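Here is a friendly walk through one structure, meant for someone seeing it for the first time. Have the 3D view open while you read.

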Amino acid sequence: MRYRTLGKTGLKVSEIGLGGEWLERHNTEEVKEVIDTCEKEGINILDCWMSEPNVRSNIGAALKGRRDRWIIQGHIGSTWQNGQYVRTRNLALVKPAFEDLLSRMQTDYMDLGMIHFIDEPDEFKSVTGGEFMDYVRALKEEGRIRHIGLSTHNPEVAKMAALQGEIEMILFSVNPAFDMHPATDDLDTYFDWENYQADLGGIDPQRAELYKLCEQNDVGITVMKPYAGGRLFDAERSPFGVALTPVQCLHYCLTRPGVAAVMAGYDTPEHVEQAAAYETASQEERDYAGVLARAPRHTFGQGECTYCGHCKPCPVNIDIAMVNKYYDLATMQPQVPGTVRAHYLALDHRADQCIGCRACESRCPFGVKIARRMEQAARLLRDTDEKTYLIAGQTGYADPNYFSFVFKRHFGMPPSKFRAEGQD
Ligand code: SF4
Ligand code: SF4
(Lines give C-alpha, C1' and ligand atoms only; values in the text may rest on other atoms or scores of the structure.)
(Ligands and ions follow the chains in the order given, each with its own letter.)
Protein backbone atom coordinates (compact mmCIF):
# COMPACT_ATOMS: atom_id res chain seq x y z
CA MET A 1 0.00 0.00 0.00
CA ARG A 2 1.24 3.47 -0.81
CA TYR A 3 0.60 6.34 1.59
CA ARG A 4 0.06 10.02 0.81
CA THR A 5 0.11 13.13 2.94
CA LEU A 6 -3.39 14.49 3.50
CA GLY A 7 -2.73 18.16 2.83
CA LYS A 8 -1.86 20.37 5.76
CA THR A 9 -3.09 17.79 8.30
CA GLY A 10 0.26 16.08 7.73
CA LEU A 11 -1.44 12.69 8.23
CA LYS A 12 -0.10 9.82 6.15
CA VAL A 13 -3.13 8.08 4.71
CA SER A 14 -3.36 4.97 2.57
CA GLU A 15 -4.32 5.92 -0.98
CA ILE A 16 -7.07 3.32 -0.84
CA GLY A 17 -9.43 4.05 2.06
CA LEU A 18 -12.63 2.63 3.52
CA GLY A 19 -15.93 4.45 2.99
CA GLY A 20 -18.20 3.07 5.71
CA GLU A 21 -21.52 3.54 3.91
CA TRP A 22 -22.00 -0.08 2.81
CA LEU A 23 -21.19 -1.44 6.27
CA GLU A 24 -24.58 -0.24 7.45
CA ARG A 25 -26.28 -3.34 6.09
CA HIS A 26 -23.92 -5.81 7.76
CA ASN A 27 -23.72 -7.42 11.18
CA THR A 28 -20.89 -7.15 13.70
CA GLU A 29 -18.97 -10.14 12.38
CA GLU A 30 -19.24 -9.07 8.73
CA VAL A 31 -18.09 -5.54 9.55
CA LYS A 32 -15.12 -6.99 11.40
CA GLU A 33 -14.22 -9.19 8.43
CA VAL A 34 -14.17 -6.18 6.10
CA ILE A 35 -12.11 -4.11 8.53
CA ASP A 36 -9.68 -7.00 9.14
CA THR A 37 -9.17 -7.33 5.40
CA CYS A 38 -8.64 -3.59 5.06
CA GLU A 39 -5.98 -3.69 7.72
CA LYS A 40 -4.32 -6.70 6.10
CA GLU A 41 -4.13 -4.72 2.85
CA GLY A 42 -2.61 -1.70 4.61
CA ILE A 43 -5.70 0.55 4.55
CA ASN A 44 -5.56 3.01 7.46
CA ILE A 45 -8.27 5.64 6.85
CA LEU A 46 -12.03 5.23 7.17
CA ASP A 47 -15.03 7.49 6.84
CA CYS A 48 -18.07 7.13 9.08
CA TRP A 49 -20.68 9.70 8.08
CA MET A 50 -23.51 7.40 9.07
CA SER A 51 -25.53 8.15 12.17
CA GLU A 52 -27.17 4.71 12.34
CA PRO A 53 -26.30 3.40 15.82
CA ASN A 54 -25.55 -0.24 14.92
CA VAL A 55 -23.03 0.54 12.22
CA ARG A 56 -21.21 2.94 14.55
CA SER A 57 -21.12 0.28 17.27
CA ASN A 58 -20.03 -2.44 14.84
CA ILE A 59 -17.15 -0.32 13.56
CA GLY A 60 -16.20 0.54 17.13
CA ALA A 61 -16.21 -3.15 18.10
CA ALA A 62 -14.06 -4.03 15.08
CA LEU A 63 -11.52 -1.32 15.94
CA LYS A 64 -11.26 -2.30 19.60
CA GLY A 65 -7.62 -2.64 20.60
CA ARG A 66 -6.31 -1.12 17.37
CA ARG A 67 -7.88 2.34 17.32
CA ASP A 68 -4.49 4.01 17.01
CA ARG A 69 -3.80 2.23 13.72
CA TRP A 70 -6.69 4.06 12.05
CA ILE A 71 -7.35 7.62 10.90
CA ILE A 72 -11.08 8.24 11.24
CA GLN A 73 -13.23 10.83 9.48
CA GLY A 74 -16.10 11.42 11.93
CA HIS A 75 -18.95 13.70 10.89
CA ILE A 76 -20.38 16.61 12.86
CA GLY A 77 -24.01 17.29 11.96
CA SER A 78 -25.09 13.75 11.06
CA THR A 79 -27.78 12.75 13.57
CA TRP A 80 -30.17 9.88 14.22
CA GLN A 81 -33.75 10.92 14.85
CA ASN A 82 -36.81 8.68 15.06
CA GLY A 83 -34.92 5.79 13.50
CA GLN A 84 -33.53 7.80 10.59
CA TYR A 85 -30.46 9.75 9.50
CA VAL A 86 -31.03 13.52 9.66
CA ARG A 87 -28.49 16.17 8.68
CA THR A 88 -28.87 19.16 10.97
CA ARG A 89 -27.15 22.32 12.23
CA ASN A 90 -29.16 22.34 15.45
CA LEU A 91 -26.45 22.14 18.11
CA ALA A 92 -28.85 20.65 20.64
CA LEU A 93 -28.95 17.60 18.35
CA VAL A 94 -25.47 17.85 16.83
CA LYS A 95 -23.59 17.67 20.13
CA PRO A 96 -25.18 14.47 21.49
CA ALA A 97 -24.84 12.87 18.05
CA PHE A 98 -21.09 13.56 18.08
CA GLU A 99 -20.81 12.21 21.64
CA ASP A 100 -22.69 9.12 20.46
CA LEU A 101 -20.18 8.70 17.63
CA LEU A 102 -17.24 8.82 20.03
CA SER A 103 -18.82 6.48 22.51
CA ARG A 104 -19.97 3.89 19.97
CA MET A 105 -16.60 4.00 18.23
CA GLN A 106 -15.00 3.43 21.67
CA THR A 107 -12.66 6.40 21.36
CA ASP A 108 -12.27 9.91 22.75
CA TYR A 109 -11.23 11.63 19.53
CA MET A 110 -11.77 11.78 15.80
CA ASP A 111 -8.68 12.36 13.70
CA LEU A 112 -10.72 14.36 11.21
CA GLY A 113 -13.81 16.22 12.43
CA MET A 114 -15.91 16.62 9.30
CA ILE A 115 -18.40 19.46 8.97
CA HIS A 116 -21.06 17.25 7.48
CA PHE A 117 -22.44 17.73 3.98
CA ILE A 118 -22.77 21.33 2.85
CA ASP A 119 -23.82 21.77 -0.77
CA GLU A 120 -25.15 25.35 -0.72
CA PRO A 121 -22.79 28.34 -0.75
CA ASP A 122 -25.15 30.29 1.53
CA GLU A 123 -25.20 27.45 4.02
CA PHE A 124 -21.42 27.32 3.92
CA LYS A 125 -21.31 31.00 4.88
CA SER A 126 -23.80 30.62 7.71
CA VAL A 127 -22.17 27.48 9.11
CA THR A 128 -18.60 28.77 9.01
CA GLY A 129 -19.63 32.20 10.29
CA GLY A 130 -21.80 31.04 13.17
CA GLU A 131 -22.09 28.99 16.36
CA PHE A 132 -21.67 25.68 14.52
CA MET A 133 -18.11 26.65 13.63
CA ASP A 134 -17.52 27.82 17.22
CA TYR A 135 -18.46 24.31 18.35
CA VAL A 136 -16.10 22.75 15.79
CA ARG A 137 -13.27 25.04 16.94
CA ALA A 138 -13.94 24.12 20.57
CA LEU A 139 -13.78 20.41 19.71
CA LYS A 140 -10.40 20.99 18.10
CA GLU A 141 -9.09 23.00 21.04
CA GLU A 142 -10.16 20.21 23.40
CA GLY A 143 -8.37 17.65 21.21
CA ARG A 144 -11.60 15.78 20.57
CA ILE A 145 -11.04 16.33 16.89
CA ARG A 146 -7.47 16.62 15.67
CA HIS A 147 -8.19 18.38 12.37
CA ILE A 148 -11.11 20.12 10.67
CA GLY A 149 -12.57 18.79 7.43
CA LEU A 150 -15.75 19.29 5.41
CA SER A 151 -17.83 17.07 3.10
CA THR A 152 -19.55 18.34 -0.03
CA HIS A 153 -20.61 17.31 -3.52
CA ASN A 154 -20.56 20.85 -4.89
CA PRO A 155 -17.29 22.17 -6.38
CA GLU A 156 -18.31 25.73 -5.58
CA VAL A 157 -18.64 24.93 -1.87
CA ALA A 158 -15.46 22.86 -1.99
CA LYS A 159 -13.60 25.84 -3.41
CA MET A 160 -14.95 28.06 -0.63
CA ALA A 161 -13.75 25.47 1.89
CA ALA A 162 -10.31 25.31 0.29
CA LEU A 163 -9.97 29.07 0.72
CA GLN A 164 -11.52 29.30 4.21
CA GLY A 165 -8.24 28.80 6.07
CA GLU A 166 -9.28 26.61 9.01
CA ILE A 167 -10.58 23.72 6.92
CA GLU A 168 -7.67 21.38 6.34
CA MET A 169 -9.19 18.76 4.06
CA ILE A 170 -12.31 18.01 2.02
CA LEU A 171 -14.32 14.86 1.37
CA PHE A 172 -15.51 15.38 -2.20
CA SER A 173 -17.32 13.27 -4.83
CA VAL A 174 -14.98 12.44 -7.69
CA ASN A 175 -15.20 10.03 -10.61
CA PRO A 176 -14.68 10.34 -14.35
CA ALA A 177 -18.39 10.65 -15.02
CA PHE A 178 -18.99 13.46 -12.53
CA ASP A 179 -15.98 15.29 -13.84
CA MET A 180 -16.69 14.91 -17.51
CA HIS A 181 -17.72 17.73 -19.74
CA PRO A 182 -17.61 16.99 -23.44
CA ALA A 183 -15.65 19.08 -25.90
CA THR A 184 -12.77 17.12 -27.28
CA ASP A 185 -11.84 13.61 -28.26
CA ASP A 186 -8.16 14.44 -28.12
CA LEU A 187 -6.89 12.25 -25.32
CA ASP A 188 -3.51 13.88 -25.41
CA THR A 189 -5.03 17.02 -24.00
CA TYR A 190 -7.98 15.59 -22.08
CA PHE A 191 -6.22 15.09 -18.77
CA ASP A 192 -2.96 16.78 -19.42
CA TRP A 193 -2.88 18.89 -16.29
CA GLU A 194 0.39 20.56 -17.17
CA ASN A 195 -1.01 22.00 -20.36
CA TYR A 196 -4.69 21.99 -19.53
CA GLN A 197 -6.70 24.74 -21.14
CA ALA A 198 -10.11 25.45 -19.68
CA ASP A 199 -11.67 26.00 -23.06
CA LEU A 200 -10.99 22.40 -24.00
CA GLY A 201 -13.79 21.58 -21.62
CA GLY A 202 -12.63 18.00 -21.01
CA ILE A 203 -13.38 18.51 -17.33
CA ASP A 204 -15.81 20.93 -15.78
CA PRO A 205 -13.57 24.01 -15.41
CA GLN A 206 -14.91 24.62 -11.91
CA ARG A 207 -13.81 21.17 -10.81
CA ALA A 208 -10.48 21.55 -12.52
CA GLU A 209 -9.99 24.80 -10.65
CA LEU A 210 -10.96 23.16 -7.38
CA TYR A 211 -8.33 20.43 -7.74
CA LYS A 212 -5.65 22.99 -8.51
CA LEU A 213 -6.77 25.22 -5.65
CA CYS A 214 -6.60 22.35 -3.18
CA GLU A 215 -3.12 21.49 -4.32
CA GLN A 216 -1.96 25.11 -4.14
CA ASN A 217 -3.46 25.65 -0.66
CA ASP A 218 -2.37 22.25 0.63
CA VAL A 219 -5.96 21.21 1.35
CA GLY A 220 -6.10 17.43 1.00
CA ILE A 221 -8.98 15.67 -0.74
CA THR A 222 -10.43 12.32 0.19
CA VAL A 223 -12.80 10.95 -2.41
CA MET A 224 -16.35 9.66 -2.09
CA LYS A 225 -18.39 8.06 -4.91
CA PRO A 226 -15.36 6.78 -6.84
CA TYR A 227 -17.55 4.21 -8.61
CA ALA A 228 -20.67 6.42 -9.04
CA GLY A 229 -22.71 3.97 -6.98
CA GLY A 230 -21.43 1.00 -9.04
CA ARG A 231 -22.84 2.42 -12.26
CA LEU A 232 -19.44 2.76 -13.86
CA PHE A 233 -18.95 -1.01 -13.70
CA ASP A 234 -21.90 -1.59 -15.97
CA ALA A 235 -21.70 -0.80 -19.70
CA GLU A 236 -25.47 -0.44 -19.86
CA ARG A 237 -25.70 2.10 -17.09
CA SER A 238 -22.42 3.93 -17.58
CA PRO A 239 -22.55 7.17 -19.56
CA PHE A 240 -19.47 5.92 -21.38
CA GLY A 241 -21.25 2.86 -22.76
CA VAL A 242 -18.36 0.68 -21.57
CA ALA A 243 -17.70 -0.80 -18.16
CA LEU A 244 -14.80 0.52 -16.11
CA THR A 245 -13.01 -1.67 -13.58
CA PRO A 246 -12.53 -0.68 -9.92
CA VAL A 247 -8.82 -0.25 -10.67
CA GLN A 248 -9.52 2.19 -13.53
CA CYS A 249 -11.93 4.23 -11.38
CA LEU A 250 -9.43 4.37 -8.54
CA HIS A 251 -6.65 5.43 -10.89
CA TYR A 252 -8.80 8.24 -12.23
CA CYS A 253 -9.42 9.57 -8.73
CA LEU A 254 -5.84 9.13 -7.59
CA THR A 255 -4.51 11.08 -10.55
CA ARG A 256 -6.55 14.21 -9.69
CA PRO A 257 -4.38 16.89 -8.10
CA GLY A 258 -4.87 17.22 -4.36
CA VAL A 259 -6.35 13.73 -3.89
CA ALA A 260 -4.78 11.74 -1.06
CA ALA A 261 -7.17 8.79 -0.57
CA VAL A 262 -10.19 7.20 -2.21
CA MET A 263 -12.85 6.08 0.25
CA ALA A 264 -14.36 3.16 -1.64
CA GLY A 265 -17.28 1.25 -0.14
CA TYR A 266 -17.04 -2.49 0.43
CA ASP A 267 -19.68 -5.11 1.12
CA THR A 268 -17.28 -8.02 1.44
CA PRO A 269 -13.57 -8.81 1.96
CA GLU A 270 -13.43 -9.63 -1.77
CA HIS A 271 -14.46 -6.05 -2.60
CA VAL A 272 -11.59 -4.80 -0.43
CA GLU A 273 -9.16 -7.06 -2.28
CA GLN A 274 -10.43 -5.84 -5.67
CA ALA A 275 -9.69 -2.25 -4.66
CA ALA A 276 -6.35 -3.10 -3.08
CA ALA A 277 -5.38 -4.80 -6.36
CA TYR A 278 -4.84 -1.25 -7.59
CA GLU A 279 -1.55 -1.27 -5.75
CA THR A 280 -0.08 -4.00 -7.94
CA ALA A 281 -1.99 -3.31 -11.18
CA SER A 282 -0.07 -2.65 -14.40
CA GLN A 283 -0.31 0.66 -16.26
CA GLU A 284 -2.48 -1.09 -18.88
CA GLU A 285 -4.90 -2.27 -16.19
CA ARG A 286 -5.12 1.25 -14.75
CA ASP A 287 -5.55 3.02 -18.05
CA TYR A 288 -9.00 4.60 -18.34
CA ALA A 289 -8.26 6.72 -21.41
CA GLY A 290 -9.64 4.21 -23.89
CA VAL A 291 -12.95 4.24 -22.03
CA LEU A 292 -13.12 8.00 -21.76
CA ALA A 293 -12.56 8.28 -25.50
CA ARG A 294 -16.05 6.91 -25.94
CA ALA A 295 -17.69 9.42 -23.59
CA PRO A 296 -21.00 10.66 -24.95
CA ARG A 297 -21.76 14.34 -25.36
CA HIS A 298 -23.44 14.80 -22.03
CA THR A 299 -22.53 14.93 -18.39
CA PHE A 300 -23.51 12.44 -15.76
CA GLY A 301 -24.54 12.90 -12.20
CA GLN A 302 -27.80 14.78 -12.32
CA GLY A 303 -30.91 12.66 -12.01
CA GLU A 304 -29.06 9.42 -11.25
CA CYS A 305 -29.13 7.95 -7.75
CA THR A 306 -25.76 7.05 -6.24
CA TYR A 307 -27.45 5.52 -3.15
CA CYS A 308 -25.75 7.98 -0.82
CA GLY A 309 -28.73 8.29 1.56
CA HIS A 310 -28.52 12.05 2.00
CA CYS A 311 -32.20 12.48 1.10
CA LYS A 312 -33.32 11.13 4.50
CA PRO A 313 -35.37 11.56 6.60
CA CYS A 314 -38.62 10.44 5.01
CA PRO A 315 -41.82 11.03 7.00
CA VAL A 316 -42.99 7.49 6.25
CA ASN A 317 -39.54 5.97 6.83
CA ILE A 318 -38.84 4.79 3.31
CA ASP A 319 -35.18 3.83 2.79
CA ILE A 320 -35.05 5.78 -0.46
CA ALA A 321 -31.54 4.72 -1.42
CA MET A 322 -32.41 1.04 -1.10
CA VAL A 323 -35.66 1.39 -3.03
CA ASN A 324 -33.78 3.20 -5.80
CA LYS A 325 -31.13 0.53 -5.83
CA TYR A 326 -33.66 -2.28 -6.19
CA TYR A 327 -35.51 -0.30 -8.84
CA ASP A 328 -32.31 0.24 -10.83
CA LEU A 329 -31.38 -3.43 -10.51
CA ALA A 330 -34.87 -4.45 -11.59
CA THR A 331 -34.88 -2.21 -14.67
CA MET A 332 -31.54 -3.60 -15.85
CA GLN A 333 -33.24 -6.92 -16.66
CA PRO A 334 -36.06 -7.75 -19.07
CA GLN A 335 -37.86 -9.31 -16.10
CA VAL A 336 -37.62 -8.34 -12.44
CA PRO A 337 -35.20 -10.86 -10.87
CA GLY A 338 -36.74 -12.87 -8.04
CA THR A 339 -33.95 -12.00 -5.62
CA VAL A 340 -34.33 -8.26 -6.22
CA ARG A 341 -38.07 -8.54 -5.73
CA ALA A 342 -37.61 -10.55 -2.53
CA HIS A 343 -35.19 -7.99 -1.10
CA TYR A 344 -37.54 -5.16 -1.96
CA LEU A 345 -40.48 -6.94 -0.36
CA ALA A 346 -38.44 -7.46 2.80
CA LEU A 347 -38.12 -3.70 3.32
CA ASP A 348 -40.09 -2.40 6.29
CA HIS A 349 -41.41 0.50 4.24
CA ARG A 350 -41.93 0.22 0.52
CA ALA A 351 -42.25 2.76 -2.27
CA ASP A 352 -46.05 2.57 -2.36
CA GLN A 353 -46.11 4.29 1.04
CA CYS A 354 -44.63 7.47 -0.46
CA ILE A 355 -46.99 10.38 0.12
CA GLY A 356 -45.30 12.51 -2.53
CA CYS A 357 -44.27 15.27 -0.13
CA ARG A 358 -40.93 15.72 -2.01
CA ALA A 359 -39.20 16.86 1.17
CA CYS A 360 -36.40 14.47 0.22
CA GLU A 361 -35.77 16.03 -3.19
CA SER A 362 -34.27 19.27 -1.91
CA ARG A 363 -31.74 17.22 0.07
CA CYS A 364 -30.62 15.13 -2.91
CA PRO A 365 -27.28 16.41 -4.23
CA PHE A 366 -27.90 14.68 -7.56
CA GLY A 367 -31.33 16.11 -8.44
CA VAL A 368 -33.13 12.76 -8.44
CA LYS A 369 -36.91 13.12 -8.94
CA ILE A 370 -37.52 10.90 -5.95
CA ALA A 371 -41.31 11.08 -5.65
CA ARG A 372 -41.70 10.09 -9.28
CA ARG A 373 -39.12 7.36 -8.82
CA MET A 374 -41.09 5.97 -5.85
CA GLU A 375 -44.19 5.78 -8.03
CA GLN A 376 -42.27 3.92 -10.70
CA ALA A 377 -40.70 1.57 -8.15
CA ALA A 378 -44.05 0.89 -6.52
CA ARG A 379 -45.55 0.02 -9.88
CA LEU A 380 -42.70 -2.15 -11.07
CA LEU A 381 -41.84 -3.96 -7.85
CA ARG A 382 -44.92 -4.10 -5.67
CA ASP A 383 -47.75 -4.37 -8.15
CA THR A 384 -45.94 -6.77 -10.40
CA ASP A 385 -44.95 -8.88 -7.49
CA GLU A 386 -48.25 -8.97 -5.70
CA LYS A 387 -50.22 -9.67 -8.83
CA THR A 388 -47.82 -12.35 -9.97
CA TYR A 389 -47.98 -13.99 -6.58
CA LEU A 390 -51.74 -13.69 -6.57
CA ILE A 391 -52.16 -15.17 -10.02
CA ALA A 392 -49.59 -17.85 -9.22
CA GLY A 393 -51.56 -18.78 -6.12
CA GLN A 394 -54.87 -18.80 -7.97
CA THR A 395 -53.49 -21.02 -10.67
CA GLY A 396 -52.07 -23.48 -8.16
CA TYR A 397 -48.36 -22.73 -8.54
CA ALA A 398 -46.59 -22.68 -5.20
CA ASP A 399 -43.49 -21.02 -6.66
CA PRO A 400 -44.24 -17.72 -8.42
CA ASN A 401 -40.90 -17.85 -10.22
CA TYR A 402 -41.84 -21.19 -11.73
CA PHE A 403 -45.23 -19.74 -12.58
CA SER A 404 -43.49 -16.85 -14.39
CA PHE A 405 -41.37 -19.35 -16.28
CA VAL A 406 -44.39 -21.39 -17.37
CA PHE A 407 -46.33 -18.22 -18.23
CA LYS A 408 -43.46 -16.98 -20.37
CA ARG A 409 -43.20 -20.27 -22.25
CA HIS A 410 -46.91 -20.18 -22.95
CA PHE A 411 -47.43 -16.49 -23.81
CA GLY A 412 -43.93 -15.60 -24.98
CA MET A 413 -43.56 -12.87 -22.37
CA PRO A 414 -43.40 -12.58 -18.57
CA PRO A 415 -46.59 -11.74 -16.63
CA SER A 416 -45.30 -8.21 -15.92
CA LYS A 417 -44.87 -7.42 -19.62
CA PHE A 418 -48.21 -9.01 -20.40
CA ARG A 419 -49.86 -6.61 -17.95
CA ALA A 420 -47.79 -3.63 -19.04
CA GLU A 421 -49.12 -4.09 -22.54
CA GLY A 422 -52.65 -3.66 -21.25
CA GLN A 423 -53.59 -7.35 -21.23
CA ASP A 424 -54.02 -7.46 -17.48
S1 SF4 B 1 -41.57 12.20 -1.41
FE2 SF4 B 1 -41.93 10.15 -0.69
S3 SF4 B 1 -39.89 9.29 -0.40
FE4 SF4 B 1 -39.64 11.52 -0.43
S5 SF4 B 1 -39.75 12.14 1.73
FE6 SF4 B 1 -41.83 12.31 0.86
S7 SF4 B 1 -42.78 10.36 1.37
FE8 SF4 B 1 -40.56 10.05 1.60
S1 SF4 C 1 -32.07 9.96 -4.14
FE2 SF4 C 1 -30.34 11.41 -4.08
S3 SF4 C 1 -29.85 11.72 -1.90
FE4 SF4 C 1 -31.18 9.91 -2.06
S5 SF4 C 1 -29.79 8.20 -2.13
FE6 SF4 C 1 -30.21 8.76 -4.27
S7 SF4 C 1 -28.61 10.22 -4.85
FE8 SF4 C 1 -28.57 10.05 -2.61
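This is a predicted model: local features need pLDDT of at least 70, side-chain atom pairs count only at pLDDT 80 or more; totals for chains, interfaces and linings use all residues.

**The barrel**

Let's begin with the strands. Eight of them make a closed barrel, in the order β3-β4-β5-β8-β9-β10-β11-β12, and the pairing is parallel. On average, neighbouring strands of this sheet are turned by 30 degrees against each other, direction ignored. As background, strands of a sheet pair through backbone hydrogen bonds, either parallel or antiparallel.

Now for the helices. Two packed helices are described by the angle between their axes and the distance between the axes.

| Helix pair | Angle between axes | Axis distance |
|---|---|---|
| α1 (residues 28-41) and α2 (residues 53-63) | about 55 degrees | 9 Å |
| α4 (residues 121-128) and α6 (residues 155-164) | roughly 30 degrees | within 9 Å |
| α14 and α15 (residues 338-345) | about 160 degrees | 10 Å |

Take α1 and α2, with their axes at about 55 degrees. That angle makes α1 oblique to α2, and the crossing of the two is right-handed. On the α1 side, the contact uses Thr28, Val31, Lys32 and Ile35, while α2 brings Asn58, Ile59, Ala61, Ala62 and Leu63. Sorted by class, the residues of this contact are 6 nonpolar, 2 polar and 1 charged.

Next come α4 and α6, whose axes cross at roughly 30 degrees. Angles under 35 degrees count as roughly parallel, so α4 and α6 are roughly parallel to each other. Helix α4 passes α6 in a right-handed crossing. Pro121, Phe124 and Thr128 in α4 meet Glu156, Val157, Met160 and Gln164 in α6. The class count for the contact of α4 with α6 is 4 nonpolar, 2 polar and 1 charged.

How are α14 and α15 arranged, roughly parallel or roughly antiparallel? Their axes pack at about 160 degrees, and anything over 145 counts as roughly antiparallel, so α14 and α15 are roughly antiparallel to each other. The crossing of α14 past α15 is left-handed. Tyr326, Leu329 and Ala330 in α14 touch Val340, His343 and Tyr344 in α15. This contact has 5 nonpolar residues, 1 polar and no charged.

**The two ligand sites**

Which residues come nearest to ligand 1? Among the 15 residues around ligand 1, the nearest are Cys314, Cys354, Cys357, Cys360 and Ala371. Helix α16 (residues 370-394) supplies the largest share of this shell, 3 residues. By class, the shell around ligand 1 holds 13 nonpolar residues, 1 polar and 1 charged.

Ligand 2 has 14 residues around it, and Cys305, Cys308, Cys311, Ala321 and Cys364 come nearest. The shell around ligand 2 divides into 10 nonpolar residues, 4 polar and no charged.

One last stop, at the backbone. Most residues other than glycine have a negative phi, and most peptide bonds are trans.

With that in mind, check the peptide bond from Lys312 to Pro313, which is cis, with omega near 5 degrees. Pro313 sits in the loop between α13 (289-292) and α14.

Where is Asp218 found? Look in the loop between α9 (205-217) and β11 (220-224). Asp218 has a phi near 60 degrees, a positive value in a residue other than glycine.

Terms used. Residues are numbered from 1 along each chain as its sequence is written. Chains are lettered from A and ligands numbered from 1 in the order in which they are written. A residue is near a molecule or strand if its C-beta atom, placed from the backbone, lies within 6 Å of it. Ala, Val, Leu, Ile, Met, Phe, Trp, Tyr, Cys and Pro count as nonpolar, Asp, Glu, Lys and Arg as charged, and the others, Gly among them, as polar. Axes are lines fitted to C-alpha atoms, for helices over the stretch in contact, and angles run from 0 to 180 degrees between N-to-C directions. Helices (H or I, at least four residues) and strands (E, at least two) are DSSP runs, numbered from the N terminus. Angles under 35 degrees count as roughly parallel, over 145 as roughly antiparallel, 65 to 115 as roughly perpendicular and the rest as oblique. A crossing is left-handed if the near helix is turned anticlockwise from the far one by less than a right angle, and right-handed if clockwise. Two residues are in contact if their C-beta atoms, placed from the backbone, lie within 7 Å. Two strands pair if DSSP finds at least two bridges between them.
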